[in-house]
Amino acid sequence: MDASQIAQVTEMMYALRNPAGVPTYPIIFVGLGVLTFALHILFVQMMLGTSVITIFGAFNTNPYWRRLAAAMLEVAKISVSVAIVVGVAPLLFVQVVYDPHWYTSNVLSANWVIGFIIILIFAYWAMYFYYFQNSKNKDKTVQPKSRWAMLVSLALMLVVGFIMHSLTSQILHPELWKEWYLQNGTLDYSGSQLHAYNLWRFAFFISMAIPVTGGLLVTYRRFKSVREDADQDYLNWAASIGKTWMKVGSVISAALYVAWMMTIPETAGDFATSFWGIIGGVMVLSYALWAQFRLNGEARFCSYMALPVALVIGLIVATSREMLRYGILDGFFGYNFMDYKVVMDWYSTGLFFLTFALVGGSVLAYFLTVAWQAGQTVGVYTPSPMVNRMGTIALWVIGLWTLQFFIIGIYIWAK
Ligand code: HEM
């Protein structure tokens with residue numbers, strides 16, 4: 001591409017920008033986008049890994065595998081819903097500062113964007129179908145029914161992930177947007193194609209399911225081992241599989257990371273050998289070392305750390321991924337999200353963070369406490385008065401939030 005062609009692409013991107021501007025500093029949106037993407041992909045990886053264990057156990061006659069499969073199906077169900085909820089957040093942030101890119105990419109593949117929801121519904125439905133087919137069976141050692149449903153669920157989840165991956169990849173190629181839209185002289189309004197992908201990049205994010213789920217198994221053992229009825233042999237067996245997955249999986253993922261870096265677009269320049277290009281892969285590999293040296297022996301007291309460490313590594317990888325996007329769009333094409341017009345709205349910015357901290361904090365603290373204590377209780381769980389009070393506080397906070405919502409709304413409407 002010559003300089004005038006690049007200038008045209010730059011101009012096109014700025015022309016597509018929302019002239020209304022953004023309500024707070026653009027870096028805040030990108031920062032929150034990175035943070036929430038790291039959470040999204042962590043739960044996506046747990047969902048995929050636990051689905052694989054569920055399937056493996058369903059086709060295996062070993063009683064330990066059967067038991068682990070039944071336990072991991074519970075985690076898979078929750079992980080899908082959390083992955084979806086924390087998938088919406090990076091979507092909101094990326095569409096604010098990268099609106100020219102996100103919407104162009106979505107319109108170019110509109111059928112897939114709409115199909116995404118339908119495919120996801122079927123994927124989730126298939127998982128629940130499998131669950132309901134087998135939930136009444138208390139004996140976890142018998143062969144589960146409708147195993148096909150879990151296979152369908154996993155396959156459809158991967159299709160959903162691939163659509164997201166393709167939309168993200170299309171963002172990185174503004175120089176090709178017009179070509180995709182105008183194919184052989186005819187305008188293609190259909191939105192029926194996914195135009196860009198990088199299988200190494202996709203495989204990297206998916207493969208991280210192995211070490212992350214390994215970390216989850218180690219945590220599972222730590223969590224369940226304090227129960228009076230804990231079967232320590234079974235839990236040790238699960239954790240040892242987890243440690244192997246952490247070590248082997250991190251090496252596989254690091255290799256795929258290198259393959260991704262070797263196949264990034266030319267417009268990224270020397271990103272692969274830059275600090276951010278290298279650090280992502282190094283961090284992934286460090287998980288194997290952490291598992292090897294930190295989780296030795298019984299590792300009873302530090303195994304809760306396996307998932308937080310995975311999240312920190314995921315955050316660094318998410319930052320590298322964002323730096324790659326910035327490197328291409330700003331470094332090569334001269335589109336800088338930082339120069340977005342800011343129309344400061346302190347109320348909405350403040351409300352966002354307060355909602356996050358107070359509503360999110362109080363409700364999550366209550367839910368997590370109940371889930372945590374219930375998981376470690378043998379028989380029926382009865383929350384303590386203190387936990388009940390946490391629930392009441394959470395309800396009050398939600399009530400007050402709703403009240404301020406209407407008061408401010410009516411005030412603005414009446415003004
Ligand atoms: C349940 C199945 C899902 C899977 C397997 C999945 C997987 C992925 C993967 C692999 C990526 C990284 C793509 C890349 O950078 O190459 C990604 C990114 C993303 N996903 Fe998901 N995802 C799922 C569901 C969702 C849902 C339901 C939403 C939102 C409603 C969502 C929103 C996003 C967003 C916003 C990004 C980042 C886009 C960007 O930064 O450009 N995902 N997802």
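Mentor: A molecule sits in a pocket if more than half of its atoms lie within 2 Å of the pocket's grid points. This is a predicted model, in which local features need pLDDT of at least 70, side-chain atom pairs count only at pLDDT 80 or more, and totals for chains, interfaces and linings use all residues. Residues are numbered from 1 along each chain as its sequence is written, and side-chain values use heavy atoms, without hydrogens and water.

Trainee: Where does the ligand sit?

Mentor: In the second largest pocket.

Trainee: What makes His-40 a donor to the iron atom of the ligand?

Mentor: Donors are N, O and S atoms within 2.8 Å of the metal (3.2 Å for Na, K and Ca). NE2 of His-40 is 2.2 Å from the iron atom, so His-40 counts as a donor. It is the single donor from the protein, and its place is in helix α2.

Trainee: Which helix supplies the largest share of the shell around the ligand?

Mentor: Helix α6, with six residues. In total, 22 residues surround the ligand, and His-40, His-165, Arg-201, Arg-321 and Arg-325 are the closest.

Trainee: How many residues of each class does the shell have?

Mentor: The shell has 14 nonpolar, five polar and three charged residues.

Key:
Near = heavy atom within 4 Å. 1 Å grid on protein atoms, 1.4 Å probe; cavity = no way out; pocket = protein on both sides within 12 Å on 5 of 7 lines; lining within 4 Å. Helix = DSSP H or I, 4+ residues; strand = E, 2+ residues; numbered from the N terminus. Nonpolar A, V, L, I, M, F, W, Y, C, P; charged D, E, K, R; others polar.
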